[in-house]
Amino acid sequence: MGQIGTLIRWRFRRFANRVGGPRGTVRVRSLRNGQPGQPEEIGPERLHPQDGGAIKPSKIANRDSQLTALRIILVLCGVAVLPVAGFALSPDSFGPVRVRAGLIHWGGWSLETAFYLACLVATLQSYRLLESLFRHREARILAVYPIRLGGLFFYRLGSALLDTLVITAGCALFLLPVWFKGAAMDYLWSLVLLLLSALIVVAVGFAAQMAAGVADYRHLPDFFRQLDRQSGGTGGAAAAYLFSPAIALACSLALILFSKLVLEEIIKAVQPDQVGGMSGIVPPALGILVVAIVGSLGWAYRNFTRHYPLLFARFFEADLIVLDTGVDYFARDRRPARGWEARLTGPVRSLYRLDRLQLARRSPLAKIMVVLGPLAGLITFLGWGRQLLPWMVIAIGLLWVLVLANPWARLFDPALEPGMGLVLPISDSQRRKAREYLVVREIALLTLPLCLCALTLPTWQARLSMWVVPLLALSLVEVLTRIAEGSHRAPRLLGFLVAAFFAALSGLWSVGPFLAVVPIALASILAGRSHPEPRGGEGKAVAG
Amino acid sequence: MSGQGLLEVKEIVKRYGPLTAVDGISLRLSPGELVAFIGPNGAGKTTTYRCIVGLQRPDAGQVLVSGLDMQTDRVEALRAIGYVGQDVQLFQYLTGEETLRMVGEIYQIEPQQLEDRISRLLELLELGSAANRLVRHYSGGMARKLALCTALVREPPVLLLDESFAGLDPESTVAIRGELDRLRQNGSTILLSSHVLELLERWVTRVVILAKGRIVQDLGRSELNELLSGRFDSLTSLYLYHTRQTG
């Protein structure tokens with residue numbers, strides 16, 4: 001218990017430090033004439049001196065406090081928004097039965113919704129488990145410490161379970177209105193499904209990652225073995241772990257569906273108007289579930305304690321080689337300037353290209369989505385465009401901008417600040433000019449595909465809403481980003497301003513887009529706020 | 001160099017596809033040795049370190065720490081090793097002092113002893129005033145010093161330092177050098193890689209030169225002194241001679 005206790009305690013301390021900042025004082029033994037003297041208490045006033053210096057710890061402490069306050073506000077907003085969304089979206093009356101496509105679903109609306117929420121949690125956690133087991137910096141830090149593997153397994157299992165339960169709690173909050181609308185039992189059954197799903201996701205996820213690792217080095221198929229040789233001894237490992245989260249997800253979803261069906265059988269049996277009691281299939285089905293969960297955990301434990309260091313080493317090696325399939329660096333660099341870029345001259349053209357390439361390479365996924373998203377939208381709207389409610393049209397447009405453009409990440413992320421460009425002998429006006437060209441291009445790139453989609457909508461009002469609202473919103477973000485340049489404090493305030501603008505704008509139509517947009521806006525702020533100051537150079541500590 | 005060494009690396013090989021990064025390296029380090037492990041970029045130093053601590057698995061060969069096989073007795077073997085890698089890995093949301101306390105607890109160092117060591121090291125490396133600050137607010141040099149402290153606080157029998165002096169100020173370099181000398185006198189073995197050859201020239205007890213994954217020269221202090229007083233005027237010229245020989 002000693003080492004696990006230590007790991008758990010320090011994990012919570014890290015969390016507490018993250019939320020509330022460091023606390024306490026330290027006793028440092030002063031050295032006099034090279035000899036240690038009496039221990040000396042260093043109080044907060046010495047740890048955060050006000051008399052200046054290159055780095056002002058007091059300033060850092062203030063910034064940490066501001067960020068803590070911001071985090072608390074955002075979490076509270078998120079906690080408040082979830083039940084509100086549940087109230088708006090759940091039906092006013094509940095029943096144990098829901099008939100859909102001729103099939104009877106015992107458990108009704110709440111169990112169905114809980115099932116879809118559980119699937120979302122499974123999707124998220126299946127990938128995060130892989131990260132926490134092998135890639136997260138905590139895994140790398142602890143890999144060189146003498147920690148018993150049995151203890152490490154339970155520590156990782158506990159962490160993953162806690163993580164999953166926190167997300168599940170958010171889902172439970174969303175379903176809370178079911179309770180308040182008078183269907184307490186329906187809510188409890190949904191809760192049972194969510195908790196069961198959390199267990200399934202963690203157990204199956206652990207087993208799948210271990211199975212992938214073991215299969216990778218013990219029973220490597222010929223194809224992977226060949227790939228492994230060609231790619232420098234890492235291809236097989238990379239390939240196995242590429243598939244493992246998807247396999248974990250597929251198995252988890254199958255088991256969650258199975259759990260839902262079992263729960264429906266139990267719900268059916270406890271209905272007052274049903275006679276005959278529990279179906280005979282329920283006990284063996286429950287047995288299968290227990291065996292699946294316990295069996296997965298047992299398998300994972302066995303392989304973790306036997307092979308984890310080897311699996312970690314293989315994964316670590318695979319991670320040493322990074323192939324960015326989305327970028328053909330050299331071909332791109334040599335490509336002659338085209339269109340707008342060709343008309344620019346001198347340093348403006350160079351800076352424009354620098355920003356354009358940085359933006360394009362930062363997220364290959366976004367680049368693909370610019371094409372795939374509108375295409376999917378086009379197909380969907382052609383089929384169901386007439387059935388879309390006005391607020392849905394607005395919400396889709398805004399979500400498009402929020403997710404793809406992620407304005408908050410842009411406001412905070414210093415990656416777009418060309419550090420190299422700033423030290424080149426280029427005037428501010430030229431630098432600004434290059435940026436303005438890029439902004440216009442970006443707005444056009446992100447909103448024009450949406451305009452094409454909007455054309456498929458039935459009315460002019462809907463068409464304009466879908467295109468003009470995001471265009472205005474994104475333009476505002478870009479303008480604010482320019483205003484905020486060079487200031488460390490302004491972006492945070494501007495982030496709030498933009499969030500407020502989105503909320504107010506979407507609220508003009510109805511509560512629907514408001515509820516759809518605000519959680520995404522909050523999530524974007526949380527995702528984008530993590531770099532309040534420019535990052536350090538190469539020597540800066542990387543940590544988990 | 002007879003008998004069992006504290007650290008024994010036997011014929012380890014590590015390949016990346018067609019590239020052999022480590023090609024049959026063997027080393028035996030005895031208690032009290034301070035060994036410079038030098039070589040050009042890409043010679044295989046970091047891969048060797050990683051194979052020793054188990055971050056990477058060698059394709060062939062064996063690593064023994066105090067007679068314990070790193071593959072079969074990993075936990076016990078790691079207990080005897082302190083490793084500071086090239087890339088500093090620290091928990092961002094712990095303070096400097098908390099980081100050292102956590103490491104001490106994992107290694108189950110007696111509390112009073114741990115307090116003394118933490119306080120002495122923080123003061124020695126001038127981290128005292130930053131001890132209660134989160135690691136994420138440390139500069140690159142401070143983070144490196146703290147990483148060194150995480151290894152030194154355990155006073156391990158085997159200390160592996162991969163480019164650990166890079167980016168440190170002269171005061172800290174002198175302080176760490178003193179601390180390493182103290183550990184060595186207490187019987188610890190230190191394997192140290194650095195490109196600051198002037199620092200190593202008069203300090204280390206042995207020099208191992210690596211090129212293209214192989215050891216091209218392994219010299220004890222007396223042999224090194226002999227070469228430096230005759231054919232070569234400095235460790236740099238000796239190093240350049242051997243690395244150029246291997247092309």
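1. Terms before anything else: a residue counts as buried under 20% relative accessible area, exposed over 50% and partly exposed in between, with a 1.4 Å probe and protein chains only. By that rule Y308(A) is buried, at a relative accessible area of 5%, and F304(A) is buried too, at 0%.

2. Housekeeping: this is a predicted model, where local features need pLDDT of at least 70 and side-chain atom pairs count only at pLDDT 80 or more, while totals for chains, interfaces and linings use all residues. Residues are numbered from 1 along each chain as its sequence is written, chains are lettered from A and ligands numbered from 1 in the order in which they are written, and side-chain values use heavy atoms, leaving out hydrogens and water.

3. On to the rings. Searching the whole structure gives 17 aromatic pairs over all chains; rings of Phe, Tyr and Trp (its six-membered ring) pair if their centres lie within 6.5 Å, and planes under 30 degrees apart are stacked, over 60 edge-to-face, the rest tilted. F154(A) and Y301(A) make a tilted pair, with 5.5 Å centre to centre and 35° between the planes. F154(A) sits in helix 6 of chain A and Y301(A) in helix 10 (residues 282–320) of chain A, so this pair ties together parts that are 147 residues apart in sequence. F154(A) is partly exposed at 45% relative accessible area, and Y301(A) is partly exposed at 34%.

4. F304(A) and Y308(A) are a stacked pair: 4.3 Å centre to centre, 15° between the planes. Both belong to helix 10 of chain A, four residues apart, about one turn of the helix. Helices here are DSSP runs of H or I with at least four residues, strands are runs of E with at least two, and both are numbered from the N terminus. Ring pairs also link these residues into a cluster, whose members include F134(A), F206(A), F304(A), Y308(A) and F316(A).

5. Two charges sit over rings, meaning that NZ of Lys or CZ of Arg is within 6 Å of the ring centre and within 35 degrees of the ring normal. K260(A) puts its charged end over the ring of F115(A), 5.5 Å from the centre. In chain B, R231(B) lies over the face of Y241(B), 4.6 Å from the ring centre.

6. Have a look at helix 6 (149–180) and helix 7 (184–218) of chain A, which each supply at least two residues of a nonpolar patch. F87(A), W179(A), F180(A), M185(A) and L188(A) make this surface patch of about 530 Å². Patch residues have over 30% relative accessible area and no salt bridge, with like charges joined within 9 Å and nonpolar side chains (Val, Leu, Ile, Met, Phe, Trp, Tyr) within 5 Å. A salt bridge needs a side-chain nitrogen of Lys or Arg within 4 Å of a carboxyl oxygen of Asp or Glu. F180(A), in helix 6 of chain A, is exposed at 58% relative accessible area.

7. Chain B has an open sheet of four strands, order 2-1-4-5, with antiparallel pairing; two strands pair if DSSP finds at least two bridges between them. Strand 2 and strand 5 (68–69) of chain B are at the edges with a single partner strand each, so one side of each lacks a neighbour in the sheet. Eight bridges join strand 1 (residues 7–16) of chain B to strand 2 (residues 19–29) of chain B.

8. Helix 3 (residues 96–106) of chain B is mostly covered, with 10 of its 11 residues buried. Just after helix 3 of chain B, Q108(B) has a positive phi of about 55°.

Note on methods
Areas by Shrake-Rupley, 256 points an atom, 1.4 Å probe, with all protein chains shown as cover.
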